[in-house]
Amino acid sequence: MTDIFNQVFSGLSIASILLLISLGLAIIYGTVGVINLAHGEFVMLGAYAVWFLEDHFGLGLFPCIVLAFFAVGTLGWVVERLIIRRLYGRVLDTILATWGLGVILQQAIRLSAGAELRYVQMPPGLSAAVHFAGVDVSAYRLFVLALTAILLAVTYVLIFRTRFGMRLRGVVQNPEIARCFGVNTSQIYAMTFAYGAGLAGIAGALVSPLKSVSPDMGTGYVVDAFMVVVVGGVQSLLGTVASAGIIGELSGGLAYLSNDTIAKAIVFLGVVVLIRFRPQGLFALRVRRG
Amino acid sequence: MAQFSRRGVVKGVAGLAGAATFGFPQIWIKNSGLARAAGGEIKVGVLYSLTGTTAIIETSLNQATLMAIEEINAAGGVNGRKLVPVVEDPASDPATFAEKARKLVIGEKCVSVFGSYTSASRKAVLPIFERYHNLYWYPTLYEGRECSMNVIYTGAVPNQQQRDFVPWLVKNFGKRFYLIGSNYIYPKEENNVCKILLQKLGGEVVGEEYVPLGHSEFSSVIEKFKNTKPNVIFSTVVGDSVVALHRQYKAAGLDPAKMPMASLTTSEEEVRAMGGEFALGHFTSAPYFMSYESPENAKFVAAIQSKYGKNAVTNFVSEPAYFQVHLFAQAAAKLAGSDLTPPTIREAAWGQEYKAPEGLVKIDGQNSHTYLWPKIGEAQMNGQFKIIEQSKEWVEPDPYWAYPGQVCTPKGMVEKKA
């Protein structure tokens, strides 16, 4: 019984990290319609922001999370203004541009911060395990789980319960009509892109104490994030949540039964088969085209 | 786009013809293509990545190598001739390694090249050194099971790192081992050796698992640690994965006093990146630790820090990168100036001894690997290792330890023993 609980928690923990890193991508991909290959690098920048603030200003992880959101969000906004908005409707060009941006960001970090692995402190209060329902679970992983749930709730409220969210949904449904009603679509896109980038920044900040911080850490995350978004169906918040849960539990369970290498291969295979028969993903709504 | 102009083509053809004319006679004069030191200088290649993914560690190898060359030159060189390093940056890319090696061997005619950190890059340059009868000096600990006439190996092979380590672990912690490694050749070969040693000691492997390179999600692995309850986690995980594994291990509430991780790959570098609190109480086996106390090591660390800054660190790869240059110089000093070629240097290197920071080392005259001094270190809060055991004698290198009936001979072949 404790085995099963342990395993479910471990899968849930994997799922929360997956959701965390794919939430920003899902929002950008789903609303702005841009396939942002630099998403992994936004995650990486979030982690480096924490390292920098901790190392140079002695800040703890919690203020760093907030600052990472604004720092990477601002960068996202600048990127949208300078690059992305010139490329709307040109899917292949945005793929190329964001990929190039990712390479540039990675090299910029390598040249400025150095290529070595960086140390980020785990908050002392969260570095141990807590006894919970008969098993030991990592306090930090519980914290990540809780914070992911909060971010999800905030994002839900933002999209479905605010004026900004209403305009955003209007723009997604039909940008021309939205514009006719006086919605500033260009501003909506910029803010959405910035928000998505900011979420990636938070994701990077949160994984940095648990994993490792290096210039090429984003490469793995962007693959995971795309897998979640593709399976969940673009522009569906519910789909992203469900998909992160399924993929997290599945990779955790398979890794437990066999090993991580096999688990990764089987999950990839599953995703390929799924998109062959359901290219729109599990929960598909409309996508902005053009 | 390059365009063919008539003039360009004519030039090219003339060039080819010239090369043929002047190139031909070399076929007839035996060994004339061999790199040979000329004049008052001895050219050696230095082939470590200064950019790309393994740049950090390889930069430390480059620095240790150049420092050794400076020391040798400051002491009057090799029989009065200066060593001239030709530095190339292979950018952490095996194909670039091959290209730069070709340049050093054919273009610069270096009589030896010091280089490589990864096995992949060594394998990439090997055909060039074999084809042109040159000599490559490789400082990294590696998986063994290689026997080339054109390489001098100064890093540890599995039998050296594990001979004392595994029995020590069994004695102090118990017989149940969980083997965890990154998914490539090095961890698999190391684990082969570990399994043989365990079998002799009556130990048991309760799990063996390989994670993808760069893997950072260890919750399932840690779950299995909790269920199988091994006495020792034998780790050959490499790179950033080491950091993630140690952090998640502690966060999950596991205790190094009951279930320590015993690693062959965790150096001061990884400990610094994960933070001392996550490394505390885990063990590493290697011939060299920065904290080792010997007059030679004190001198080595001081020299590195005065040259490259007081935060510069030494590690179990940079130390061989340093002492192998001194071994090269000793070998070269034995030879007459006119006879300084890679094959003669190789023969002269056999049996050479040098008082390295880790202790007195010797190049084996059979397999061209090196006698080393394995030590067991326990990671400390400050990022250094406390040395708690060290071998009483140097340990003979046996790159085919796990493969009975196969030996490495000076001819570079693997023969079946009768």
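Is Phe234(B) buried or exposed, and what is its relative accessible area? In this predicted model, Phe234(B) is buried, its relative accessible area being 0%.

**View 1. Aromatic pairs in the structure, with Phe165(B) and Phe234(B) as one of them.** Over all chains, the structure holds 27 aromatic pairs. In the pair formed by Phe165(B) and Phe234(B), the ring centres are 6.4 Å apart and the planes stand at 45°, so the pair is tilted. Because Phe165(B) belongs to helix H6 (residues 165-172) of chain B and Phe234(B) to strand S8 (residues 232-236) of chain B, the pair ties together parts that are 69 residues apart in sequence. Phe165(B), with a relative accessibility of 0%, counts as buried, and Phe234(B) is buried at 0% as well.

**View 2. The pair of Tyr288(B) and Phe300(B).** With ring centres 6.2 Å apart and planes at 70°, Tyr288(B) and Phe300(B) make an edge-to-face pair, since planes over 60 degrees apart count as such. Tyr288(B) sits in the loop between strand S10 (283-286) and helix H12 (295-308) of chain B, while Phe300(B) lies in helix H12 of chain B, so the pair ties together parts 12 residues apart in sequence. Tyr288(B) counts as buried at 0% relative accessibility, and Phe300(B) counts as buried at 1%.

**View 3. An aromatic cluster in chain A.** One aromatic cluster is formed by Phe62(A), Tyr140(A) and Phe143(A).

**View 4. Lysines over aromatic faces in chain B.** Lys250(B) lies over the face of Phe278(B), at 5.4 Å from the ring centre. Lys375(B) is placed over the face of Tyr292(B), at 4.3 Å from the centre of that ring.

Key
Residues are numbered from 1 along each chain as its sequence is written. Chains are lettered from A and ligands numbered from 1 in the order in which they are written. This is a predicted model: local features need pLDDT of at least 70, side-chain atom pairs count only at pLDDT 80 or more; totals for chains, interfaces and linings use all residues. Side-chain values use heavy atoms; hydrogens and water are left out. Rings of Phe, Tyr and Trp (its six-membered ring) pair if their centres lie within 6.5 Å; planes under 30 degrees apart count as stacked, over 60 as edge-to-face and the rest as tilted. Helices (H or I, at least four residues) and strands (E, at least two) are DSSP runs, numbered from the N terminus. Buried means under 20% relative accessible area, exposed over 50%, partly exposed in between (1.4 Å probe, protein chains only). A charge sits over a ring if NZ of Lys or CZ of Arg is within 6 Å of the ring centre and within 35 degrees of the ring normal.
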